[in-house]
Amino acid sequence: MLLSKNRFFSTTDLIGFGLLALLIFVVLPIGLDTFRLNLFGKYLTYAFVAIGLVLCWGAGGILSLGQGVFFGLGGYCMAMFLKLEASSPEATKIQSTPGIPDFMDWNQITEIPIWWQPFHSLTFSLIAVILVPVIFAFIIGVAMFRRRVGGVYFAIITQAIAAILTILIIGQQGYTGGVNGITDLRTLKGWDIRTDDAKVLLYFVNGGLLFACLFLAQLIRRSKLGRILIAMRNQEDRVRFSGYDVANFKIFVFCAGAAFAAIGGAMFTLQVGFMSPSFVGIVPSIEMVILCAVGGRLSIIGAVYGALLVNLAKTTFSELFPELWLLGLGGLFIAVVLIFPNGLAGLYSDYIEPRITAIFKRKFPESKDPGKFDPAKTAAEAAE
Amino acid sequence: MDARPDFLLTVENLTVSFDGFKAVDSLSFYVEPNECRVIIGPNGAGKTTVLDLICGRTKATGGKVEFKNQELLKMREDQIVHAGVGRKFQTPTVYEDLTVFENLEISYPKGHGVFGALMFRRDDEVISRIDEIAETVFLEDLLDEQAAFLSHGQKQWLEIGMLLIQDPELLMLDEPVAGMSVAERKQTAELLNRVIKDRSVIVIEHDMKFVEDIATRVTVLHQGKVLSEGSMAHVQADPKVIEVYLGH
């Protein structure tokens with residue numbers, strides 16, 4: 001009876017994963033033209049960040065307001081490779097120094113800096129996409145969690161790091177492309193990423209990676225580690241005095257969140273064709289938290305829907321009412337906190353799921369789950 | 001007095017000062033294997049602070065705490081737990097969003113590293129051990145219940161169960177029967193009488209009837225110092241204790 005509760009996927013999870021796969025791999029590609037599909041692919045890159053936030057914030061209670069840092073680092077690592085490939089001497093022969101990225105040429109830099117050199121290799125770049133943000137997250141994690149910095153203080157520090165990184169990128173224009181970012185990306189190993197065919201293929205690669213991350217997140221949540229995260233959120237001291245080194249668990253989940261965000265960032269660069277500091281700083285980082293909250297910070301599936309819907313709303317409303325959009329976003333966040341704290345996923349499990357279960361019960365009355373808590377039975381036992 | 005190797009726990013000259021206020025002042029006491037030591041004393045005597053110092057929650061200003069010849073003051077909280085010291089907090093401290101089963105499972109002494117926890121499997125041995133402990137703490141019918149829905153007394157039992165599953169050699173309990181109904185109190189006294197059998201226990205308690213039942217020896221603390229120590233009858237007859245408790 002208890003073992004059945006420890007299955008990798010509960011029925012609810014299975015339905016959730018199935019419906020989401022149907023939406024991403026069938027409904028959207030059939031229903032949308034390439035332009036819109038590419039747009040949805042872009043929205044889904046934020047879902048990677050949201051999944052990481054569900055683990056860190058929803059499960060572990062660690063609120064990071066700097067996930068844009070990891071999204072950006074992943075995106076920049078990818079962009080550096082693509083930019084070097086786009087800067088062949090033939091393609092850049094009008095520059096005063098041909099063969100280097102255009103923004104370096106504009107800033108009177110005459111050779112590719114040494115730390116850019118390894119990004120000529122695709123293998124190195126793909127490893128760096130994950131490893132650079134994870135190492136950075138590890139350093140932040142060790143510095144903060146070993147000293148038992150948590151809660152609001154941690155949130156503020158992550159926000160400060162997001163601000164610092166933005167300023168650094170903008171200030172080092174010659175090496176990073178400054179406020180414009182790294183733009184005009186063309187090919188990946190000779191394959192033009194700007195064509196419609198490439199965009200469709202990248203959308204599916206993105207979807208596949210998203211499901212890989214969902215699967216990993218599910219693995220973490222269903223393991224004892226997932227339950228320890230919840231335990232830490234409830235009673236950190238009790239976990240510590242049950243023999244766990246709490247800091248290690250926080251560092252692990254923070255690094256996992258960073259890795260997910262980084263994959264999202266790299267896929268963003270590939271699908272959108274550029275990377276800039278406007279996806280790194282405080283505002284995008286807070287938007288990432290909002291879309292996680294709207295989707296439901298306790299549900300990895302909910303987080304994906306949150307990423308889709310908030311970004312869709314952002315595109316639609318910012319076209320219709322450009323001045324009001326930010327106020328609307330703030331209002332949405334307040335509504336989530338006050339009215340539905342567990343987001344869309346909470347609304348689903350509170351209102352829709354019981355009805356679905358009721359319909360199933362009526363159809364198959366004999367297939368009652370014996371593991372379910374039965375109030376009548378417990379009351380009878382208590383009365384004895 | 002030198003630390004004798006047959007003491008399980010040696011506390012000597014233990015001192016902690018909070019901004020100059022000495023909550024615990026050059027405190028020394030010794031706990032033998034299988035002893036049940038009860039610490040009593042008026043409010044603010046430093047009882048809870050002593051437990052905090054032993055389990056590493058508060059860092060001592062000076063002195064030493066030796067457990068099985070290991071210096072605990074230099075160790076991290078989780079290392080102290082692995083050395084064999086278990087601590088129950090004064091208010092019931094359980095994971096409210098998890099079930100009773102999951103609460104006990106987290107305390108099961110296996111898979112305590114990050115990767116150990118990822119790979120942890122809920123095998124028959126774990127399940128039967130949890131069933132056994134749940135029965136000991138009267139929660140065998142509530143294993144699937146979320147801990148948030150337990151009564152105050154049941155939460156106290158659950159936390160005691162979480163400690164028992166670690167099987168510590170030294171168990172420290174901070175007011176285990178506080179806030180319980182009369183019936184729960186009686187049941188808890190029975191439970192504690194059973195669990196203190198094969199280990200050393202330090203208990204903080206105010207209920208004198210309860211103390212008389214379980215104590216091997218009693219230590220009376222007052223203003224961070226030992227006021228009196230010995231059998232229950234001895235400390236009750238001690239004029240210094242009567243003075244402190246009854247006032248002038």
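Trainee: Which orientation do α13(A) and α14(A) have to each other?

Mentor: Start with the angle: helix α13 (residues 282–295) and helix α14 (residues 300–320) of chain A pack at about 120°, their axes 7 Å apart. Helices here are DSSP runs of H or I with at least four residues, strands are runs of E with at least two, and both are numbered from the N terminus. Axes are lines fitted to C-alpha atoms, over the stretch in contact for helices, with angles from 0 to 180 degrees between N-to-C directions. Under 35 degrees counts as roughly parallel, over 145 as roughly antiparallel, 65 to 115 as roughly perpendicular and the rest as oblique, so α13(A) and α14(A) are oblique.

Trainee: What kind of model is this?

Mentor: Residues are numbered from 1 along each chain as its sequence is written, and chains are lettered from A and ligands numbered from 1 in the order written. Local features need pLDDT of at least 70 and side-chain atom pairs count only at pLDDT 80 or more, while totals for chains, interfaces and linings use all residues, as this is a predicted model.

Trainee: How many charged residues are in the contact of α13(A) with α14(A)?

Mentor: Contact goes by C-beta atoms, placed from the backbone, within 7 Å. On the α13(A) side, Ile290(A), Leu291(A) and Cys292(A) are among the residues that meet α14(A), whose own share includes Ala303(A), Tyr305(A) and Leu309(A). Ala, Val, Leu, Ile, Met, Phe, Trp, Tyr, Cys and Pro count as nonpolar, Asp, Glu, Lys and Arg as charged, and the others, Gly among them, as polar. The tally is 10 nonpolar and three polar, and for charged, no residues.

Trainee: Which helix gives the most to the side of chain A that touches chain B?

Mentor: Chain A puts 27 residues into the contact and chain B puts in 33. On the chain A side, α1 (2–5), α10 (224–234), α11 (236–240), α12 and α17 (375–383) each supply at least two. With seven residues, the top contributor is α10(A).

Trainee: How many nonpolar residues does the contact of α10(A) with α12(A) have?

Mentor: Those two helix axes come within 11 Å and cross at roughly 110°, which makes α10(A) roughly perpendicular to α12(A). Leu225(A), Ile228(A), Leu229(A) and Met232(A) of α10(A) meet Val246(A), Phe249(A) and Val253(A) of α12(A). No polar and no charged residues take part, and the nonpolar count is seven.

Trainee: How many charged residues are in the contact of α3(B) with α5(B)?

Mentor: Helix α3 (residues 100–107) and helix α5 (residues 124–136) of chain B pack at about 110°, axes 10 Å apart, which makes them roughly perpendicular. Val100(B), Phe101(B), Leu104(B) and Glu105(B) in α3(B) meet Val126(B), Ile130(B), Ile133(B) and Ala134(B) in α5(B). Seven of the contact residues are nonpolar, no residue is polar, and the charged count is one.

Definitions and conventions
Two residues are in contact if their C-beta atoms, placed from the backbone, lie within 7 Å.
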